[in-house]
Structure formats: C-alpha cells, structure tokens
Amino acid sequence: MPIDATAPYDDQNVFAKILRREIPAATVYEDDYALAFNDITPQAPAHILVIPKGPYVSWDDFSARGSDAEIAGFVRAVGTVARAAGLVAPGYRLLANIGAHGGQEVAHLHVHILAGRPLGPMVAR
Ligand code: 5GP
C-alpha cells in the first residue's frame, strides 16, 4: 500500500531492517552513504535499489533534511552502481517514487535503477 510521504520516519520499514542487517538482501554496493541491492521483485533484467544510510522517508525528505555530504555521497553512489553494472551504454532509467500518487510502498528513500531492455514509456497512460 502506498505510504504517506509526509509521515515521520518509521525505523521498522523493511529497508531500515536491511540496513541493520536484520533481514538479508543481495547487496551489490556499499559505502559510507549508500547501500545498493537487487530488488526482490525485479521489473527489468537489472533492477537495483540504492538507499541512503540515513533515516529519510523520500527524496522530498532527503533533499530538505540531508546534509550536503549525504546528498553528494548518495548521488555519486547511484552513478557508481550504474557504471559498475555496465549500464551506461545502452542506458538505464532512474526512478524515485514519492508518496501515494508516486506509488511509494517502502518508507525509506530508494532510487530504482532499471535496465537490460528498452523500458518503454515513462509512465502508464
Ligand atoms: P516503491 O514502490 O516503494 O518505489 O518500491 C519498493 C520496491 O521495494 C519494490 O520494487 C519492491 O519489490 C522492493 N522490495 C520490497 N520489499 C523488499 C525486500 O524485502 N527486499 C528487497 N530486496 N526489495 C524489496
């Protein structure tokens, strides 16, 4: 069910549990600012989620409260993961869902990296 992106951060969300190593994930990258792992229900041949290590609900929350170092570190990590996976050619898509209309289901900021086939229209029509 989509979340309310204006709600306070809930540290019981599934990605907080992955960050605390309480539940497993297929990790592909980690640094001081970000963790990247394969989506459990991939929607493309490559479907990687990149999350910041800090407690941020959404891109909106992160861009408002995150430090410059956290934001720079996270944005660089997304690029590093995509390059390391060899996705720059032939290309990939970044997606960050925010709140109910965005279809956000997990209340910890995550950027989807989708790739491996032509991804079609940007949104459902
Ligand atoms: P959202 O709709 O919030 O943008 O996307 C949430 C994503 O998290 C979905 O693509 C879903 O498959 C993925 N997901 C949900 N629970 C888990 C989990 O426990 N492990 C992993 N690896 N991915 C998850």
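Of the 16 residues around the ligand, those that come nearest are Asp39, Asn97, Glu105, His110 and His112; a residue is near a molecule if one of its heavy atoms lies within 4 Å of it. The model is predicted, so local features need pLDDT of at least 70 and side-chain atom pairs count only at pLDDT 80 or more, while totals for chains, interfaces and linings use all residues. Residues are numbered from 1 along each chain as its sequence is written, and side-chain values use heavy atoms, with hydrogens and water left out.

By class, the shell around the ligand holds seven nonpolar, seven polar and two charged residues. Here Ala, Val, Leu, Ile, Met, Phe, Trp, Tyr, Cys and Pro count as nonpolar, Asp, Glu, Lys and Arg as charged, and the others, Gly among them, as polar.

| Residue | Protein atom | Ligand atom | Distance |
|---|---|---|---|
| Ile40 | backbone N or O | nitrogen | 3.3 Å |
| Asn97 | polar side-chain atom | oxygen | 2.8 Å |
| His110 | side-chain N or O | oxygen | 2.8 Å |

On its own the ligand has 520 Å² of accessible area, of which the protein covers 82%. Accessible areas come from the Shrake-Rupley method with a 1.4 Å probe; for residues, only the protein chains shown count as cover.

The space taken by the ligand is the largest pocket. On a 1 Å grid over the protein atoms alone, a pocket is an open set of points with protein on both sides within 12 Å along at least five of seven lines, and a molecule sits in a pocket if more than half of its atoms lie within 2 Å of its grid points.

Two or more residues of the shell come from each of α1 (14-19) and β2 (34-38). The largest share, three residues, is from α1. Helices (H or I, at least four residues) and strands (E, at least two) are DSSP runs, numbered from the N terminus.

His112, one of the residues that come nearest to the ligand, is found in strand β5 (residues 111-115). With a relative accessible area of 11%, His112 is buried; buried means under 20% relative accessible area, exposed over 50%, and partly exposed in between (1.4 Å probe, protein chains only). The side chains of His112 and His47 are joined by a polar contact of 2.8 Å. His47 lies in strand β3 (residues 46-52) and counts as buried, because its relative accessibility is 5%. Its side chain also reaches the backbone nitrogen of Gln43, at 3.0 Å.

Two backbone features are found in loops. The peptide bond from Ala89 to Pro90 is cis, with omega near 15°, and Pro90 is in the loop between α3 (68-84) and β4 (92-95). Arg21 is not a glycine, yet has a positive phi of about 65°. Arg21 lies in the loop between α1 and β1 (27-30), and counts as partly exposed at 49% relative accessibility.

In strand β1 is Tyr29, which counts as partly exposed at 24% relative accessibility. From Tyr29 to Ala77 the C-alpha to C-alpha distance is 8.4 Å, although the two are 48 residues apart in sequence.

Key. Polar contact = N/O pair within 3.5 Å; in protein donor to acceptor, adjacent residues only side chain to side chain. 1 Å grid on protein atoms, 1.4 Å probe; cavity = no way out; pocket = protein on both sides within 12 Å on 5 of 7 lines; lining within 4 Å.
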